[in-house]
Each structure stands twice: as structure tokens, then as C-alpha cells.
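Visitor: I am new to this structure and would like to learn how to read it step by step. Could you take me through it, giving the general idea first and then the case at hand?

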There are 2 protein chains.
Amino acid sequence: MSLFNNHEQKINDAIKALHERKFYAAYPEHPSPAIYGETADSDGQAKFKASLGKKFEELKQSGATSWAGQEESPYLQESLGISYPIFSTQTLLDNATKAFHQWRKISARDRAGILVESLERIKNRFFEIAYATMHTTGQGYMMAFQASGPHAADRAMEAIAAGYEELNRFPSTTQWDKPMGKYSIQLNKEWRAVPKGISLVVGCSTFPTWNSVTGIYGSLITGNTVIVKPHPGAILPIAIFVAEIQKVMEENGLDPNACQLAVDTFDKMITKELAENSAIKLIDYTGNSAFGNYLESIPGKTVFTEKTGVNSVIMDSVEDIDKAVANLTFSVNLYSGQMCTAPQNFFVPSTGIRTPNGIVSFDEFAQKFVDSVNGLVDNPKAGPFVLGAIQNKKTCDRVGEAESIPGKIWLKSRTFENPMFKKARVITPVVVEVDASKTDIFSKELFGPIALLIKTKDTDESIRLARQLAQQHGAISCGAYTTDAQVREKIADEMSLAATPVSFNLVGGIYMNQNAAFSDFHVTGGNPAGNASFTNPEYVTKRFTWVGHREPVKVVG
Amino acid sequence: MSLFNNHEQKINDAIKALHERKFYAAYPEHPSPAIYGETADSDGQAKFKASLGKKFEELKQSGATSWAGQEESPYLQESLGISYPIFSTQTLLDNATKAFHQWRKISARDRAGILVESLERIKNRFFEIAYATMHTTGQGYMMAFQASGPHAADRAMEAIAAGYEELNRFPSTTQWDKPMGKYSIQLNKEWRAVPKGISLVVGCSTFPTWNSVTGIYGSLITGNTVIVKPHPGAILPIAIFVAEIQKVMEENGLDPNACQLAVDTFDKMITKELAENSAIKLIDYTGNSAFGNYLESIPGKTVFTEKTGVNSVIMDSVEDIDKAVANLTFSVNLYSGQMCTAPQNFFVPSTGIRTPNGIVSFDEFAQKFVDSVNGLVDNPKAGPFVLGAIQNKKTCDRVGEAESIPGKIWLKSRTFENPMFKKARVITPVVVEVDASKTDIFSKELFGPIALLIKTKDTDESIRLARQLAQQHGAISCGAYTTDAQVREKIADEMSLAATPVSFNLVGGIYMNQNAAFSDFHVTGGNPAGNASFTNPEYVTKRFTWVGHREPVKVVG
């Protein structure tokens, strides 16, 4: 196979980028016609529309018993009408087992070549995936393109690169020559990176490709076969990934069942049945903590989770309060707070925030915050596209409930009109003031556009609470604003101990919600928000076992 | 501190050796006067003797409440009379927590320098440690010297090297520069390797230093503080290691409580109390599977275990049957089978073993096996030194019980006289023939000098049983003899899937029980015999968390 040679430069660049952690993108994030072609966007949209109401017939896997699908567009609030083949658990496992003994035996080079080739094919479908993502997750167009297309492909590339590097970490053979005085003991030794077996990747409804591809590609590069179980509400984007992987496998004479799609429906979920089967050795999961903790507790599995966390912002002192507030409220509005990295708890000292122009009081900050949220929401050229739509109706209910939190309601949630989708399920952020003593209110994730402004005694209390929340309930991101080097180091150190990355003093076009592949580890694995990290060495080394065999060198003579 | 500079070459050599996996030893294994000095042996013995019946007063840790110790020599069958300071769990944890915030903040270079320096100091006490090991574990002199001295120090060095490399895997700072068309977003990023906290290392009675030092040094190099809980029957060897580590720390102005010894007694064991405390984040353990499984199941801990396994030998075809048998029976006799890597189940086809001189029948093999065991046992210049003494009286009971296994007793266990220690607790191997259908008999570890010759239909059945045992009950080593390349690959592949390393066709002075640091991964972590491996990258990466912080580059204008 020459696929590795075709992509060798790209793989080497990715490995280098993983180590340098400077800016690197394997796939351009801008949906520009100059990059992706003049008609790429309209073609992708047309292809998405053509798939509505039909069977998704691109998969190469065998043994379907029926067809089903329950996806619904948050923008149209109507069914997509797409149906997917349904397989019994036994068929999925039989297929995966059979494919395993072929896939595990091909070289790491060949696996890498096939996997990168699949990303190159997927690149041609980024726009189609973008529309599929909008109409399953409710993401705005730009986020849907970037997160499900190039950013996901970059995370996949990162997993391929990390896996490929680890598989080559130790020699496949060597001669061991131990001097024993008058003679020496000579052994031929060999090491095999033995994949663990069948891998189950459980997707989520908000980021159906971004959160799943690292597990898929991480397991595949290390020789495992994969069963992808998407969220029943967000299938199409990842189905396109799986279909393209299968096509490249089949074209190269390999069993496409090495990567299967396992669709289920809300009335008959199959994740538990799959996860508990003894044939499943690896599980990747993104979703709520209760189910994640259950998966982690199943004996005999290697489990990688991204669960929920409570993300804090610590306000101490700031160069330009308006720029800081604008940055933070963008993070709150972005995809209506439906990101695992979105800030929820804003810790502000009762004595206010120091600035070069004097103290900004708690109330002044709150008012600026509310004005800034409104400014974006009410900007018809930005608001609807930044906020997108709400994936799950329960998120709207939660926002409603937030208005009965005991504390001053600084901003009530409302709706707005999306000019392109009149029926879109939308809701704007609610902003509530909470006293620092009411830990029970802010010690849990309130998923969605809910911002709590928490009045603390001082920055030390803010830090203490942010650290404690992260250690006890998990955190994936943290924002902090301080112009004091000592306070900065205290925040950096304390949040490090809670395994939470801190974005300091962000202003302008970069937000605490954003994590860049090849540079930012996504989730650290060190607090209850998840036990894994995109993509540290552990993320791939845990998917296989080093086994060494040895034998005396034959004496020729 | 200049300690790193003193040892930089050694650390770099060790990292190189870890990757090449050729023969490498940081500490010479031969107890030669030319290497260790003319009087090193007698000095060490004298020092050991001088410690008997006294308090062990070398530790630098504070807050002891009493003194106790219950070690007993398997060679003398009498108490060593050494007592150690006893600490409350709370004192140990308070000391460890206080030391943590100092130890975690010093650089990886400084930690590496201190830890290698401690090994250099320990090197001067290898003979004293050897006698301490003989008289706690029952090991023969040569094994006691090698395993507890240079081989343990090599494993410690391996952990330091692996940890040091991983701590330097990613840059501590970099500038991330993302082009955005007309401008770019510039962030200063930094990554911290954040230690998990307090580490508990639980030792075993048979290899008190070798099995504990990787955990101790692996946790220390990555910035954790360590509490070493030795087996109450084998304290002195590891107490000397801990004392030397503490001395180097104190000499360098550091809190010696970063590595504490936590001695307990048979009547008041403290492992559970320590392990379950929420302050303990890491646990290293060597010992029985029941307690290992319990430790693995405690929520919120990162646990590294070496538990028990059932090691198989697959006899298919062989160049020289006598050399093969001699090699295998040495493995059975060595330290009376009290090694986790010792073979137990010998799978031999009922059709016999192919050799260039014709078939060796099952019975002929069994007779050669028995004769070879006896030959070594009855050699007064070799037997007593190879077999050593029995650490735990229960092992003698188990050997006695083995004689009532339903099957032909090919060799009964007996005693012999150790010329140097008339009162030594000794016992010779029992050899029993078992039919392959009686899986319940051979599907568990029979710790001690017990060899089961299992009659199978053919080599395929032997392989199937060996693989199944390893997958279901764990295995740490496997021996195989075959002259057929296809059979060899089948064994290599099938045992790989059971995560068990295979030693093929060993003859002469190398045995399947032996695992060399810097080359052989000890335990793979991929079957029930243990979840960790000395020393793969995971062994150290799981002891800390990568946390990245970021901040916009200040525009100087």
C-alpha cells in the first residue's frame, strides 16, 4: 500500500506539531471558497438536503435488521426523516471480532495511511457535514463547519499522530547481548504493540464528530476495531465520517467492519448492552456524569470519559474592563452556552475589580455584563449566528428554572428571531447574582446559557471556591483576569492542583471555550470532569499493550 | 543544586537504554570485590549483624509513637529483633502533605539529581541489603544481592529515566501564533506536569525492594510524595533505601518526609486505612490478587498492581531435550518457585515432544524432569543456594497439599540440609501429572515449588489452555519450546493476545523467570496478573497531569 507514502509528510508534521504545541492546523478552519472551492458550500448544502427523508445507504457494513432514525432539526423543529441501518449487538460484535484479526495484523504504517486518507476524503464533505451538524445540534453555521469539519479532522489527525508515534516508541526487534565475563548471553527480542480488542465510542448530541473522532481514530491507529454509537439525536455528521473510513478500507482490500456505525433510537438505546458485553475492551464517552461514572465502573474495561464540569471565571483586576466583559459574554452567548468549556460561575469580589481607571464595583460589572450580552443578542447580524439554536428542549426548561434561583435576576432569558429559521428553538442567557455562601446553587453544571455572578469576599475566596468546585465537581476550563503577577501565579498554581487549565486575561477574538488541537489538551483527566485528555500520550498508550518475546540467538557455526 | 549535573550522563544513558532496549545495567550485578571493594561483602554482613536486635534509627521522619518489628529469618527461623518507628496514619499523611508542596515545586532536574544520588549511596550498601534480604525473604545469597541491590537500583533508575523523559515531553512554554488573515492571535502558553499528590507503595514479602522501588522512584520523580508500607515480614531492605533517600533530601535542604516509611505489624496492618484515605491518590501494590483487586476498586485512586498469575510452559518440539529440561527445572528450583515469574503449568502433548533424535514421550519427559530437579537439589554445591529458604510457612503447607492432587505424583517434596543454616525452612519441588481436562486444578496460582505436568491432546490444545489461563487468571511469563516457525508464530500471536511475554527455546544461563530492566517489560498490564508494567510510559504518565495555561502576548507599543 502506498497510502502511507502519500501522507507521510502530513503525519510527520502532525507529530512535530504535537510536541512543539505551536499553532498548527492540518485542515484549514475557514470555509473559504479559495480553499474549499467555489461551489463547495452550495454543493454541500444540496447534498445535505438531498439526504433528507431518505435511507443513509453509504455504509459498507453487513447484517442490518431494519432501518430507523429520529433526528430532528433544532432550526426547523421537524424531523430530518433520515433512516439508518439497525444492527443487533451480536452482529456488531461478530463483525468487529472478524475484522479485528485482519486490522490488528496490518502495519502501523498501513493503518496510518488508510486513516489519513479517510480524513482527506472527509475534507471534501466538510460543508455537507456542516449542514448536517447545524440541523442536528443547533450550532451556528460557522461553528458547525469548524467544529465538525476541520477542527474535528485536526483532532483525528492528532490521535493518529500520537498513536503512530507511540507504536514506534520501542523497537520491533533488537539483539540483547549481556556480557557474562568469558561469554555473553545473546537474545533476539521483539516487541509487539497488541491492541486491546473492540472499542466502543459513544457520541454526544452537541458535538457529534469533534468529541468522537479522537476515540475512533485513536483506537483504529492502535489496531482496535471500533463500534461508533452516536447520540440518536445527532447521527448524520458522524455517519459520514464512518462511511468514508469504510470506503477507504474496502478500496484497500480490508474488511470495512473494522469501523462500524451502531445507530439506536430513543426508545431502544443500546449503549449499556454494548458497553457491558465482555468483548468490548475500550469505551470512549462524552456526556453526562452519571452515565460516565457508570461506564467507568464496569470492570475489565479501559474507559475514556469527558463528563460534565463547572467552569469558573475569576475576576481580580483588569487592564480594560469593557474588552474583558465583551470577551466573556461572547463565551456565554456562543452556541447558547451548550459547550462543555463554556463559563458558568463568575466570581467577583464584593469590593469590586481593580482597573487602571479605578475600581469597577460588583454592580457596575454586572450591568456591563448584562449590557454586553444584550448587545450581542440584539445585533441581528451577529446574535442569531453566535447563539445558534438549542439542541435539547430540556435546556430551555433549565434556563427557565434558573430564574427562580434565590438571588437577583440581572437578566431574564427571552427569545429572538433567527432571520433564516423562523421556527428555530432559541433562548437567550439568564444572568443571576448569587452569594458565595450558597455553594449548593453553583456547585453543579447548569448546562445552557446560564451565567451566575457570584459575590465573594475577595479574590482568595474566589480562587478557593473555583479550585474546590473543580476538584469536587470537575472543570474543563477556567478564565481569570488579573494584572497582579502574584495573584496570577496563585491562580495558575491552585487551578493546576485541580487539573484545570486557565485562560488569563483573554480579550479580542480568542475565547476560553476554544481548545486548539495540537496545542491545548482538552480536558486534563485530572478532575471529575473526565478521566482522559485530547491527546496526551496516555490517550493512545492505554489502547494497546506492549508484549515482548525473546529467544536465544542461534549460534551459526 | 549540582546533583543533576553530577548524574546527567547516567540519566541520559538510561533514557537511551529504555528506548533501545539492548543490554544495559546502571549498577553491576556481580558481587565482585573488583567492582564493589575487597571488604564490601564482609563489611555489609557485619553491618547487617550489628543491626539485629536493635532499633532502626536511620529515618529522618518525625512523629513516631512507638517502636515495633516482627521480621523473622527463614534461614534461622528466629526473630531478627529489629524494631522500627511506628507512626499514626494522620502523622504520615500530615507529613506527606506538608512535604508535597515543597517537593512538587522543585524542578524535574533537581528531583532527578537527588534520586540518582540516593541510588549511588544505596550502592554502597548493596551487601548489607543482600543479607537483610536473605534473612527476611529466604532468597539465596546471589539472588538476594542481585535482586535487592543492582537489579532493584536498575529498575529504580529506569523509573527515574522514564519519568524524567515524560516530564520533558512537552515544552514548559511556547508562543502560539494563529494567522487570522490581516492579523494574528498570539498567546503565550505554558504546560505544567502536576503531580497527583500522595503515593502509597505497598511492598511484598519475597522481593521487598525490587517490586517497590519502581513505584517509589516513579512517584517521586513526577513530584508526588511517597509513603512506603513494607510487608511486616520484610522491612529492613527497603528501610535502608528509604533512609538513604531521606538523607539525600535532608542534605539538600529538603523535607525528608517526601519519602516516609510506614511500618506495621501482623496484628495491626495499616494498608487499608492508608489506601482508603482520600489524601492518597496513587497506590502501588505487589501481592495476592484478592487484595490487589480490592485496591483497584477503591474509587478516586490511580492504582498500579502486580498480582498473581499462572505461568505456562508449552512443549512442542526441541533441539536438545536435556538442555531444555535443565533450563526449566532450574526455573522451578530457583528460590523454590517463590517468584511471580516461575513456571507452574507444563503443557506436554500426549503424543510427546519432537526432537531431532525422535519423539520424547510424555513419560520420558516427566522422568527427565524429575531426574533434573533431583540432580540440582542433591548437588550440595548448588542446590541449597539455588533453592534458598521458604519465606512463609503457608508455602510449605501448599506444597504438602499438592501431593493430594488427583494425578500421578512424579516427585514428592522433601527437605534437604543447608550446610550454612541447619535450621533453614526448606522444601523441594513436588511434580504432579494432571490431565488437561482438569482445568480447575491448574487454573490457579499454586505459589511455591509446585510443577504440574499437564497432558494435552496436541500443541494446539496446549496453546489454547495457556492463552485461556493467562486471559482469565493472569500470567507474567510463558516458556515455549518449538522448532517449527509456524507453531512459534502461533504461540507468539496467541500469547500476545493474552498480553503474556514468551521466552522461546531458552537453554543455558538465562531463565524465563528473569526480567531485565531497560529491556523486558515486567508484567504487561494487559491480563489479570496486574494492571501496570515496569516501566512503560503509562507507568509514569499516570502519576501526573498535564495542565496548560495561556494568556495573550502583551503588545509592546
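This is a predicted model: local features need pLDDT of at least 70, side-chain atom pairs count only at pLDDT 80 or more; totals for chains, interfaces and linings use all residues.

Visitor: How should I read a peptide bond, and where is one cis?

Guide: The angle to look at is omega. In chain A the peptide bond from A:Phe534 to A:Thr535 is cis, with omega near -25°, and A:Thr535 is found in the loop between β20 (502–504) and α20 (537–541) of that chain. In chain B the bond from B:Phe534 to B:Thr535 is cis, with omega near -25°, and B:Thr535 is placed in the loop between β20 and α20 of chain B.

Visitor: What can I say about chain A as a whole, from its secondary structure to its dimensions?

Guide: The secondary structure of chain A comes to 20 helices and 21 strands, and along its principal axes the C-alpha trace spans about 90 × 65 × 45 Å. A compact globule of 557 residues would have a radius of gyration near 24 Å, and chain A, with 25 Å, agrees with that. Of those 557 residues, 59% count as buried. Among contacts in chain A with a separation of 6 or more, 76% join residues 24 or more positions apart.

Visitor: Which domains does the assignment give for chain A?

Guide: Domain 1 takes in 3–61 + 68–170 + 195–307 + 532–547, while domain 2 runs over 312–504. The C-alpha centres of the two domains lie 32 Å apart. Their contact takes 16 residues from domain 1 of chain A and 15 residues from domain 2 of chain A. On the domain 1 side, helix α7 (residues 141–148) gives the most, with three residues, and by class that side has six nonpolar, eight polar and two charged residues.

Visitor: Since α7 of chain A has come up, how many of its residues are buried?

Guide: Six of the eight residues of α7(A) are buried, and the helix is mostly covered. The buried ones are A:Met143, A:Ala144, A:Phe145, A:Gln146, A:Ala147 and A:Ser148. What covers them includes α6 (126–137), α8 (150–167), α9 (210–221) and α10 (236–251) of chain A.

Visitor: How do I read the packing of two helices, taking α5 and α8 of chain B?

Guide: A helix has a repeat to keep in mind: with 3.6 residues a turn, residues three or four places apart point the same way. Helix α5 (residues 108–123) and helix α8 (residues 150–167) of chain B pack at an angle of about 175°, with their axes 11 Å apart. The two helices are therefore roughly antiparallel to each other. Residues of α5(B) in this contact include B:Ala108, B:Ala112, B:Leu115 and B:Leu119, and those of α8(B) include B:Ala153, B:Met157, B:Ile160 and B:Tyr164. By class, the contact has 12 nonpolar, no polar and one charged residues.

Visitor: Finally, how many residues does each chain bring to the contact between chain B and chain A?

Guide: The contact takes 52 residues from chain B and 52 residues from chain A. On the chain B side, β21(B) gives the most, with eight residues. The residues of that side divide into 22 nonpolar, 17 polar and 13 charged.

Methods. Residues are numbered from 1 along each chain as its sequence is written. Chains are lettered from A and ligands numbered from 1 in the order in which they are written. Domain bounds come from an automatic or database domain assignment. Two residues are in contact if their C-beta atoms, placed from the backbone, lie within 7 Å. Helices (H or I, at least four residues) and strands (E, at least two) are DSSP runs, numbered from the N terminus. Ala, Val, Leu, Ile, Met, Phe, Trp, Tyr, Cys and Pro count as nonpolar, Asp, Glu, Lys and Arg as charged, and the others, Gly among them, as polar. A residue is buried if 20 or more other C-beta atoms lie within 10 Å of its own, exposed if 12 or fewer, and partly exposed in between; C-beta atoms are placed from the backbone. The radius of gyration is taken over C-alpha atoms; the globule rule is 2.2 Å times the number of residues to the power 0.38. Axes are lines fitted to C-alpha atoms, for helices over the stretch in contact, and angles run from 0 to 180 degrees between N-to-C directions. Angles under 35 degrees count as roughly parallel, over 145 as roughly antiparallel, 65 to 115 as roughly perpendicular and the rest as oblique.
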